[in-house]
Amino acid sequence: MKINAMTTLYGIIGWPVSHSLSPLFQNGFIEHSGKNAAYVSFPVAPDQLQPALDGLWALGVAGFNVTVPHKEQVFALTHSDADARLIGAVNTVRRSDGGWQATNTDWQGFRSVVEGLELQLQGADVLLFGAGGTSRAVLHALASLQVGRLFICNRNPDRLAALIAHARQAYPAWSCEPLAWEQQAVDRVCATAPLLVNTTSVGLKADQQFPFALSGAGAAIDAVYRPDGHTAFALAARAAGRMAVDGLPMLISQGAAAFAWWHECAMPDCLISLRQIERELGRASCHLPGWGRE
Ligand code: ATR
């Protein structure tokens, strides 16, 4: 990659953002595509969001990703597409004649992991843990996959009720049921659900245990990422004999969808990126046969 006077700049805003893996794989996508571009991280404190958006605009930045804690605020400050409006948050922004244009590719990242695991979910039961921001993106992806019944389990019942109400309004043909935050209820749904998904933040910190034992057969996808891949949820799912991945494949895939949207091109190869990052982190390879042959 050669930076010169014609290089187009992309980046990620967040607070903190120094831990982000996005510059690593986004610059990999740039390199493979041969584009004259670069991708950097911008730490932006919450009270600096508007001046940061104005500054990125003034400096000619072509597009950027948005991470915690700015996803909802940037949604309110930009022109969003229909997917982002259903999710209520954005993670990808690009320059357009009418100002900053925004979308959400988190749901595409999740769907691509389902496809990578080659899970056939049409008509199947799914159990989703969590009712925060990430759950809305996962919900949007599951709706597009036409899964059967969705059971949602969250510690805070008010937040759970709000998510169920949103799901029933946004996807009226779909059966979305609240599930009690207790082991017996989790056991009952695990028995029939080939896919379990975690969108709670449990496991972001090391040494946290998932609050439930998991059971049943099939797969488990964690939105939480940890460098070694052994998140609390993935460990609980593997202990039950389920195939489990942490949030790394989803992270790379949402980035690939963002890259494709910025450059109006096909999705870059996520498998090459995934293997490169796994090597750099010194962790085991995720098995995602649907992402291609090696
Ligand atoms: P995000 O945008 O990553 O989804 P969020 O909107 O803050 O983050 O949501 C955090 C989710 O993790 C919520 O579902 C939260 O559950 P509550 O609604 O009960 O707070 C869940 N969560 C966080 N810490 C948790 C814990 N220790 N045990 C169980 N759930 C937890």
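This is a predicted model: local features need pLDDT of at least 70, side-chain atom pairs count only at pLDDT 80 or more; totals for chains, interfaces and linings use all residues.

Residues are numbered from 1 along each chain as its sequence is written, and side-chain values use heavy atoms, with hydrogens and water left out.

**Exercise 1.** State the strand order of the open sheet and identify its edge strands.

*Solution.* Step 1: the order of the six strands is β9-β8-β7-β10-β11-β12, with parallel pairing. Strands (E, at least two residues) are DSSP runs numbered from the N terminus, as are helices (H or I, at least four); two strands pair if DSSP finds at least two bridges between them. Step 2: β9 (176-179) and β12 (243-245) are the edges, each pairing on one side only.

**Exercise 2.** Describe the pairing of β7 with β10 and locate Leu 195 in it.

*Solution.* Step 1: β7 (residues 126-129) and β10 (residues 195-198) are joined in the parallel sense by four bridges. Step 2: Leu 195 in β10 stands opposite Val 126. Step 3: beyond its neighbours within four places in sequence, Leu 195 has contacts (heavy atoms within 4.5 Å) that include Phe 110, Leu 142 and Arg 242.

**Exercise 3.** Determine whether Gly 282 is buried or exposed.

*Solution.* Step 1: Gly 282 lies in the segment after α11 (270-281). Step 2: buried means under 20% relative accessible area, exposed over 50%, and partly exposed in between (1.4 Å probe, protein chains only). Step 3: Gly 282 counts as exposed because its relative accessibility is 66%.
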